Amino acid sequence: MKQLSPDIEVFLSHVESAGIGLRKRADIGLIFEYAALHNNSDQINDLIFTGKIVWNTYSALKKRNQSDEGYDLLEKQFMESVHTLRNSLFEQSIGYTQEEQSRIEEIYLGMSQGTLRNIVDLAHDLSEIKNLQNSAKHKK
């Protein structure tokens, strides 16, 4: 896997110093590294936003029972946002090395329970980064 630049390492350390335990640190680093290399701030912001939606809907689903009113709609929204996040990851990974691309495909793009858990973990990290962005914006 690609060695992360000092800037990305500083960014990850900053995130972790805010008390956030990144579940997918290496993958977050890889995603941000390539986004920085290719000046894809819009793409990374979309990824962060979608990750926040995935995490929020997942968290809401965990608090409900399948028999609850609105559960089906929430589950549908969750799966649609997971699909959007997967597509974004796939699109961004086009510039990765073959090894990195295979890793992303294996960990996030499959249709197993394991890949879904990995997507949720990545969404957690992206959601926490979004929270940091919002905090910084409100402090200004």
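**Largest pocket and helix packing**

In this predicted model, α6 contributes the most to the lining of the largest pocket, with six residues. The pocket holds about 200 Å³ of space. Two elements, α1 (6-17) and α6 (113-139), each give two or more residues to its lining.

**Largest pocket**

- The lining consists of Phe11, His14, Val15, Phe32, Ile48, Ile129, Leu132, Gln133, Ser135, Ala136 and Lys139.
- By class, seven of the lining residues are nonpolar, three are polar and one is charged.
- Several lining residues also take part in helix contacts: Phe11 of α1 is in the contact with α2, Phe32 of α2 meets α3, and Ile129 and Gln133 of α6 are in the contact with α3.

**α3 with α6**

- The axes of α3 (residues 41-62) and α6 come within 7 Å, and they cross at roughly 115°.
- An angle of 65 to 115 degrees counts as roughly perpendicular, and α3 and α6 are therefore roughly perpendicular to each other.
- The crossing of these two helices, α3 and α6, is left-handed.
- On the α3 side, the contact is made by Asn45, Leu47, Ile48, Gly51, Lys52, Val54, Trp55, Asn56 and Tyr58.
- On the α6 side, Ile119, Val120, Ala123, His124, Leu126, Ser127, Ile129, Lys130, Asn131 and Gln133 take part.
- The residues of this contact divide into 10 nonpolar, seven polar and two charged.

**α2 with α3**

- Helix α2 (residues 25-37) packs against α3 at an angle of about 150°, and their axes are 9 Å apart.
- Angles over 145 degrees count as roughly antiparallel, so α2 and α3 are roughly antiparallel to each other.
- Ile31, Phe32 and Ala35 in α2 meet Ile44, Leu47 and Ile48 in α3.
- This contact of α2 with α3 has six nonpolar residues, no polar and no charged.
- Leu47 and Ile48 of α3 are listed here and also in the contact of α3 with α6.

**α1 with α2**

- The angle between α1 and α2 is about 135°, with their axes 10 Å apart.
- The crossing of α1 past α2 is right-handed.
- From α1, the contact includes Ile8, Glu9, Phe11, Leu12, Ser13 and Glu16.
- From α2, it includes Arg25, Ile28, Gly29, Phe32, Glu33 and Ala36.
- By class, the α1 and α2 contact has six nonpolar, two polar and four charged residues.

How values were computed
Residues are numbered from 1 along each chain as its sequence is written. This is a predicted model: local features need pLDDT of at least 70, side-chain atom pairs count only at pLDDT 80 or more; totals for chains, interfaces and linings use all residues. Side-chain values use heavy atoms; hydrogens and water are left out. On a 1 Å grid over the protein atoms alone, a cavity is a set of points where a 1.4 Å probe fits but cannot get out, and a pocket is an open set with protein on both sides within 12 Å along at least five of seven lines; lining residues have an atom within 4 Å of a point. Grid points are joined across faces, edges and corners, and a volume is the space filled by probe spheres set on the points. Helices (H or I, at least four residues) and strands (E, at least two) are DSSP runs, numbered from the N terminus. Ala, Val, Leu, Ile, Met, Phe, Trp, Tyr, Cys and Pro count as nonpolar, Asp, Glu, Lys and Arg as charged, and the others, Gly among them, as polar. Axes are lines fitted to C-alpha atoms, for helices over the stretch in contact, and angles run from 0 to 180 degrees between N-to-C directions. Angles under 35 degrees count as roughly parallel, over 145 as roughly antiparallel, 65 to 115 as roughly perpendicular and the rest as oblique. A crossing is left-handed if the near helix is turned anticlockwise from the far one by less than a right angle, and right-handed if clockwise. Contact means heavy atoms within 4.5 Å.
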